Amino acid sequence: RNYKDFFPKQKSHLVHLAENNNEDLIRSFGNSFITINKKNINSLIKKNWEHIVYLSSALVYDFESPKYGNGDNLDIIKPNSIYQKSKIECEKIILDNGGTVLRMTNIYGPGMSANNIFSDIFKQLEGDGPIILRSLKASRDFLWIDDAVQAILVASKKKKNGIYNIASGKTTCISRLLEIILTIENKSHREIIEKNSTIHTSKVKLNIEKTKKELGWKPVTLLE
């Protein structure tokens, strides 16, 4: 991608979310994935933007670290994968240039990824067969798409130079999410099969107190 011939209008705001999150593709690129993303961002920030909002990911956190606690320390990160390293490197560039970094949780709603837990469940709702999922014990923070969009708009207007968690602030176990969906669809009778019942279960917990205080944003639509 080449941004050399791209010139924004005066006082335009940039919302940057144009990074691929396909794990297989990222692995095929290797460390060049990081180099390419940094090059693209450095090309973009040279333009005359009023403000830049960069969408990062909650995946950069080390949720298993004892230091993570209630999630209010934004520095407890775990740059293990290429994707995580890329996000953290790009975050630094944005912060050094006065921009806002939004660490997004799992977004759901119209137009969502086909590779998430909601899509895994929805595509199995047809018929009366068993619902088969990888793990039922993992917990995630889910955010409705409209709330995510509103957070981006608020961040763009506030023009803060910092990192903010964009999430519901509540964790939901996958088994509970499935229960909610099956109840709504009148399919509570369906058999549920967990493929990896002994797999290590992870818990994503995000603190949004700083976001609420400094940006004046909080989610409106919750799962329950």
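Author: Lysine 38 has a relative accessible area of 27% and therefore counts as partly exposed; on this scale buried means under 20%, exposed means over 50%, and partly exposed is what falls in between, with a 1.4 Å probe and protein chains only. The model is a predicted one, in which local features need pLDDT of at least 70 and side-chain atom pairs count only at pLDDT 80 or more, while totals for chains, interfaces and linings use all residues. Residues are numbered from 1 along each chain as its sequence is written, and side-chain values use heavy atoms, with hydrogens and water left out.

The side chain of lysine 38 meets that of glutamate 89 in a salt bridge, at 3.5 Å from N to O; the term requires a side-chain nitrogen of Lys or Arg within 4 Å of a carboxyl oxygen of Asp or Glu. Lysine 38 belongs to helix α2 (residues 32-45) and glutamate 89 to helix α3 (residues 82-96), so this pair ties together parts that are 51 residues apart in sequence. Helices (H or I, at least four residues) and strands (E, at least two) are DSSP runs, numbered from the N terminus. Glutamate 89, with a relative accessible area of 26%, is partly exposed.

A second bridge joins glutamate 224 to arginine 176, where the closest N and O atoms are 2.5 Å apart. This pair also links distant parts of the chain, since glutamate 224 sits in the segment after α7 (209-215) and arginine 176 in helix α6, 48 residues apart. Glutamate 224 is exposed, at 56% relative accessible area, whereas arginine 176 is partly exposed at 30%.

How many salt bridges does the structure hold? The number is 10. One of them is local: aspartate 24 pairs with arginine 27, with the closest N and O atoms 2.5 Å apart. These two residues are three places apart in helix α1, so about one helical turn separates them. Aspartate 24 is exposed, with a relative accessible area of 54%, and arginine 27 is exposed as well, at 55%. In general, side chains of opposite charge can pair when their charged atoms come close.

Helix α1 (residues 23-29) also contains leucine 25, which is partly exposed because its relative accessibility is 34%.

Histidine 16, in strand β1 (residues 13-16), is buried, with 6% relative accessibility. Apart from neighbours within four places in sequence, its contacts (heavy atoms within 4.5 Å) are Ile41, Leu44, Val53, Tyr54 and Leu55.

For lysine 159, phi is near 55°; it lies in the loop between α5 (145-158) and β8 (162-166) and is partly exposed, at 37%.

One more lysine is placed against a ring. Lysine 210 lies over the face of tyrosine 164, at 4.7 Å from the ring centre; the criterion is NZ of Lys or CZ of Arg within 6 Å of the ring centre and within 35 degrees of the ring normal.
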